[in-house]
Amino acid sequence: MNTSQIDGDLVDLMHSVLRDRSTGPADGHHATPPSIWQDLADLGLTRLSVSADNGGSGATWRESAAMLRAAAYQGVQLPLAENDVLAGWLVDEVGLAGDVALRTVALADSATGSARVPWARAADRVVVVWPSSEGWRLADLPSSELTVTPAHNTAHEPRDELRFDADRCESITIDREVVHELRLRGSLARSVQMTGALERIVELCLIHTRQRHQFGRPLAAFQIVQSTLADIAAETALAMSAVDAAVSAFVEGEPASRGLAVHSARSTAGHASSRVVRSAHQLHGAIGTTEEHDLHRYTLPAVAWRSEFGTVQGSDDALGEMLITAAPGHAWSVISGPSGT
Amino acid sequence: MSAATLLSRICPPRATETAELYELRLAVREYLRRCVRDGVFTPGADVWLTGWDPEFSRDLAKRGYIGMTIPTDYGGHGRTHLERFVVTEELLAAGAPVAAHWIADRQIAPSLLTFGTEHQKRTFLPKIAAAQTFFAIGMSEPDSGSDLASVRTKATPVEGGWRVSGTKVWTSGAHLADAFFALARTAPLDTSDRHAGLSQFIVDLRSPDVQIRPIRSMTGRHHFNEVFLDDVFVPDDMVLGTIGEGWQQVNSELGFERSGPERFMSTYALFAEMVDETSQDPTLFSRRDLGRLAARFNALHHLSFSVANALEHGEEADTAAAIVKVLGTSHEGAVAELADLDAGDHRTSTGRFETLLTESLTQRPGFTLRGGASEILRLVIARGIGAR
């Protein structure tokens, strides 16, 4: 069977470690990674797709994506994407010597600093990438050489402000293609995380509408509610499908196929989250808006993530551009993609 | 429901298009490009309902693109559902006229293979694969739309066969097809088991006891018919499958019918034209709108293929199939909607844009009705995910 699945036991393991370890805004400020980080690291789950030479597990994007999705599904906030498919990949890609330090990545717009760096406060090192007059530069800096000012995104995840001195640190030149891929990877990682959150949101809606009774029957007994549940499940399925295709483009697809796949995934997951998050809060009623209820542990990230590493409409624009710059009559070859997708 | 369960019900495991499938795709694409260039057909919208062209169907048959999943013993090509998927998706992307053989190729042949007798298979399958026999399908009735179990067409046993009486409606292509499958009651309605007592019959549409009356669409075009069956004799050897099991037989093939590329590609030819026109005149449609629709085409393409892959391997995918239909048919309408809202009066030298837009807008109401109204399919999905 030509499906591209990963080992079900591995996914079960991920969920079993993450289950009931949900961390959110009420659980502290993440000055250090949550205690679960070491447990995951010991199991080789924190740098799945990083090469074994650099202390990784030597698996693929597919395993990394399963982990990102599982953490989002379980509501556990961790710098998994940053440490694995972003900073971990960069270290591999540019041929630096890696180690097991917790890394994040900063895609800076200047040689002095960057806003909204994910998890900078908890990282041992930050791989900083910035544009210079001679092209893109990269430095793998220890946190001791950085000034970090805490800030956060809508979901209360660390998105810190970072200052560094490009003149004083050792840096290398990197190809702009590497930066392009870094952006695509960031966009895909957030899209993968979104699907994990959306899946959990649909389940919470199913649970709530079966348990909550009004007018003498469960909410789920109303056809209008069933119809909404069907719609959010459908949108989630579609997002999942586009995201899985994009993950595959990084595993077995040609590099040229990745842009289309990632932008499609981001667009589909982004527009799906509008629908799913909106309907989920409507179905949950007022209780869903509280800190006490779990819903926000999934709805806030689903919204926050779609605005990181690019925007949803930015992906729509990019896809439109790909279509109208293709040769006349070739839109379908763009949309259906090359072999292996 | 655990994470794994919900997910597996709504989204089958991802399937990757192999290099062999991709090669087949490119071969079909190249052939269709030549057809358009040589004026064999003009790309149309909703071609699997409106594009009746027996000559083109026979050319496809010669190339082995019809009856692909029929075993070679029965005149087919012994290929997989995934190969058929790739070919049909390319045909729809090109807006090729495929209506003549569509029902026979999609529904009739698989049903015959599963439920037909050896005699029925030998009689019909080679002709279907050669595009020599075209079929329609008789399900809906004046009082039975989404509620199929309420059909009132009745079959009564007589010496050597059955007499079938009743009225079928919305029967696409009945005026051009040779025969159809009619769903009829062979036992009175049992209110405690409404799905029992139904059976399928293979009815010769050229029989003198069959009257066919056109139902003209609001465009004035003739695709649908009302079919009156006036005590039509159907010999025993033209009963399909088992008497009393019509409901199960009809439903067993629903997955492919609901999840195929025809559920999201009906207005693709219009979308392709929108893209090409915008390449010429960048003020026409925004990149953003085109991009958003392209992402959805791409996602539906992947989801639909994964459902086909699951069905090919005998796995249950009814909920995911209903999801493809609900999302896909609404997307087909969204394409027509954008075209009209943004550039409804846009004129081209060839007139292609206007024609495709008019076809898409006027065919659109049917997209979310045929093969199960979206409202009913949402309830099917709700049941599949455990909401009811």
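Predicted model: local features only at pLDDT ≥ 70, side-chain atom pairs only at ≥ 80, totals over all residues.
Setting aside its neighbours within four places in sequence, His296(A) is in contact with Thr290(A), Glu291(A) and Pro301(A). His296(A) itself belongs to helix H8 of chain A. Is His296(A) buried or exposed? Its relative accessibility is 12%, so His296(A) counts as buried, the cut-off for that word being under 20%.

**A network of charges in chain A**

Let us stay in chain A and look at Glu308(A). Side chains of opposite charge can pair when their charged atoms come close. Which residue does Glu308(A) pair with at 2.8 Å? The partner is Arg159(A), and the 2.8 Å separates the closest N and O atoms of this salt bridge. Glu308(A) sits in the loop between helix H8 (296–305) and H9 of chain A, while Arg159(A) is in strand E6 (residues 159–163), so this pair ties together parts that lie 149 residues apart in sequence. Both Glu308(A) and Arg159(A) are buried.

Glu308(A) also forms a salt bridge with Arg190(A), where the closest N and O atoms are 2.7 Å apart. Here too, distant parts of the chain are linked: Glu308(A) is in the loop between H8 and H9 of chain A and Arg190(A) is in helix H5 of chain A, 118 residues apart. Why does Glu308(A) count as buried? Its relative accessible area is 12%, and buried means under 20%. Arg190(A) has a relative accessibility of 1%, so Arg190(A) counts as buried as well.

**A salt bridge inside chain B**

The side chains of Glu257(B) and Arg106(B) meet in a salt bridge, with 3.9 Å from N to O. Glu257(B) lies in helix H9 (residues 254–259) of chain B and Arg106(B) in helix H6 (residues 99–115) of chain B, so the two tie together parts that are 151 residues apart in sequence. At 9% relative accessibility Glu257(B) counts as buried, and Arg106(B), at 8%, counts as buried too.

Salt bridges with shared partners join Glu82(A), Glu157(A), Arg159(A), Arg190(A) and Glu308(A) into one network. Over all chains, the structure holds 41 salt bridges.

| Salt bridge | N to O distance |
|---|---|
| Glu308(A) and Arg159(A) | 2.8 Å |
| Glu308(A) and Arg190(A) | 2.7 Å |
| Glu257(B) and Arg106(B) | 3.9 Å |
| Glu321(A) and Arg287(B) | 2.2 Å |

**Where the two chains meet**

Now for the place where chain A touches chain B. The size of an interface is often given as the accessible area lost when the parts come together. Chain A and chain B bury about 5,100 Å² between them, and 61% of this is on carbon and sulfur atoms. How many residues of each chain are in contact with the other? There are 57 residues from chain A and 58 from chain B.

Between the two chains there are 4 salt bridges. One of them joins the side chains of Glu321(A) and Arg287(B).

Which elements of chain A give two or more residues to the side that touches chain B? They are helices H5 (176–211), H6 (223–251), H7 (258–284), H9 (312–325) and H10 (331–336) of chain A. H6(A) gives the most, with 18 residues. By type, the residues on this side of chain A divide into 23 nonpolar, 24 polar and 10 charged.

Ala245(A) is found in helix H6 of chain A. Leaving out its neighbours within four places in sequence, Ala245(A) is in contact with Arg14(B) and His302(B). Ala245(A) is buried, with a relative accessible area of 3%. From C-alpha to C-alpha, Ala245(A) and Ser264(A) are 9.3 Å apart in space, and they are 19 residues apart in sequence.

Ala373(B) lies in the loop between helix H13 (352–367) and helix H14 (374–384) of chain B. Ala373(B) is buried, its relative accessible area being 10%. Beyond neighbours within four places in sequence, Ala373(B) is in contact with Ser146(B) and Thr368(B). Ala373(B) and Val326(B) are 47 residues apart in sequence, with 8.6 Å between their C-alpha atoms.

Note on methods:
Residues numbered from 1 in each chain as written. Chains lettered and ligands numbered in written order. Heavy atoms only, no water. Contact = heavy atoms within 4.5 Å. Buried area = accessible area lost by both parts, 1.4 Å probe. Helix = DSSP H or I, 4+ residues; strand = E, 2+ residues; numbered from the N terminus. Nonpolar A, V, L, I, M, F, W, Y, C, P; charged D, E, K, R; others polar. Buried < 20%, exposed > 50% of the residue type's maximum accessible area, 1.4 Å probe, protein only.
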